[in-house]
Amino acid sequence: MKILSIQSAVAYGHVGNSAAVFPLQRIGVEVLPVYTVNFSNHTGYGAWRGPLIAPDDVREVIAGIEDRGVLPQIDVVLSGYQGGEGIADVILEAVAKVKAANPEAIYSCDPVMGNAKSGCFVAPAIPVLLRDRVVPAADLITPNQFELGFLTDTEPDTLESTLDAVDRIRATGPRTVLVTSVERPDREPGTIEMLAVDEHGAWIVQTPLLPLKANGSGDVTAALFTAHYRSTGDAADALARTTSSVFGLLERTHRSGERELQLVESQEDYANPAMQFSVRQVR
């Protein structure tokens, strides 16, 4: 499998492509990383150095990949955090080119805009751009519950309202949805869930909620689920594998006491996930 991953990059720590590439490589996926920013560290520190990469420069990198005749081999275009409005056009152009070269290719979009605790942390135009132009072009999306609410103008909290919101967004284009953080009032205390939905059904999985803020964990989740799902077409299996891998990563990071993901140290969790969480079909 080959994935063209258009995301941010940092020198220190692990977010964007700096979080997604290694886990994908560890499970045997060839990744073509294209950077949208090249920062010293993620912006959660409040200070960082390095450039936003101009959309035309990102476009040039993708054109150079096209010059090598690689586009027919690409199975997935993956995108995450979009620092500026112009990057969306570049991504959508890349998706169109890849799909023209390989009609079996899919576009997986992580519609990064914020979370329930922090609210939106992207430029004001980005959520609307994602909702109106980018998400409808995607085959697979991986929003958290907060982002799902914005995309559908709803407030999902129960399982039923979350499933309803997923159905609404699937009606706009994406056929597969992974909701990466489902926090419903009637869940067991100290737990969190993920929900995967496609045309074959809906599945949910529950894990302990670890007391840490792990920048980049959503990027790892989106990457691994995309790869597993593209490989097998089995949403339940992709959900189980991804959940096990990401929980192992988060648990090791929590034990380490470090702020940054223990991405390299957790490599066996990607290659050989423990499969310790049961996936339940809910529809």
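Analyst: Happy to. The axes of helix α7 (residues 217–232) and helix α8 (residues 235–256) come within 9 Å and cross at roughly 150°. Axes here are lines fitted to C-alpha atoms, for helices over the stretch in contact, with angles running from 0 to 180 degrees between N-to-C directions. Helices are DSSP runs (H or I, at least four residues) and strands likewise (E, at least two), numbered from the N terminus. α7 and α8 are therefore roughly antiparallel to each other (angles over 145 degrees count as such, and those under 35 as roughly parallel). Their crossing is right-handed, meaning that the near helix is turned clockwise from the far one by less than a right angle.

A word on the source: this is a predicted model, where local features need pLDDT of at least 70 and side-chain atom pairs count only at pLDDT 80 or more, while totals for chains, interfaces and linings use all residues. Residues are numbered from 1 along each chain as its sequence is written, and side-chain values use heavy atoms, leaving out hydrogens and water.

Now the contact itself (heavy atoms within 4.5 Å). From α7 come Ser217, Val220, Thr221, Leu224, Phe225, His228, Tyr229 and Thr232, and among their partners in α8 are Ala235, Leu239, Arg241, Val246 and Leu250. By class, the contact of α7 with α8 has 10 nonpolar, 6 polar and 2 charged residues (Ala, Val, Leu, Ile, Met, Phe, Trp, Tyr, Cys and Pro count as nonpolar, Asp, Glu, Lys and Arg as charged, and the others, Gly among them, as polar).

For another pair, look at helix α2 (residues 55–67) and α3: their axes also come within 9 Å, but cross at roughly 15°. That makes α2 roughly parallel to α3. The residues of this contact divide into 6 nonpolar, 1 polar and 5 charged.

Next, the cores. A nonpolar core is a set of buried Ala, Val, Leu, Ile, Met, Phe, Trp, Tyr and Cys residues joined through side-chain atoms within 4.5 Å, where buried means under 20% relative accessible area (1.4 Å probe, protein chains only). Of the 44 residues in the largest one, Leu4, Ile6, Tyr107, Ile141 and Leu195 touch the most other members. Helix α3 (residues 86–101) gives the largest share, 8 residues. Apart from this core lies another, of 25 residues, among them Trp203, Leu210, Ala235 and Leu250. Ala235 and Leu250 are also in the α7 and α8 contact.

Technical notes
Parallel < 35°, antiparallel > 145°, perpendicular 65-115°, else oblique. Buried < 20%, exposed > 50% of the residue type's maximum accessible area, 1.4 Å probe, protein only.
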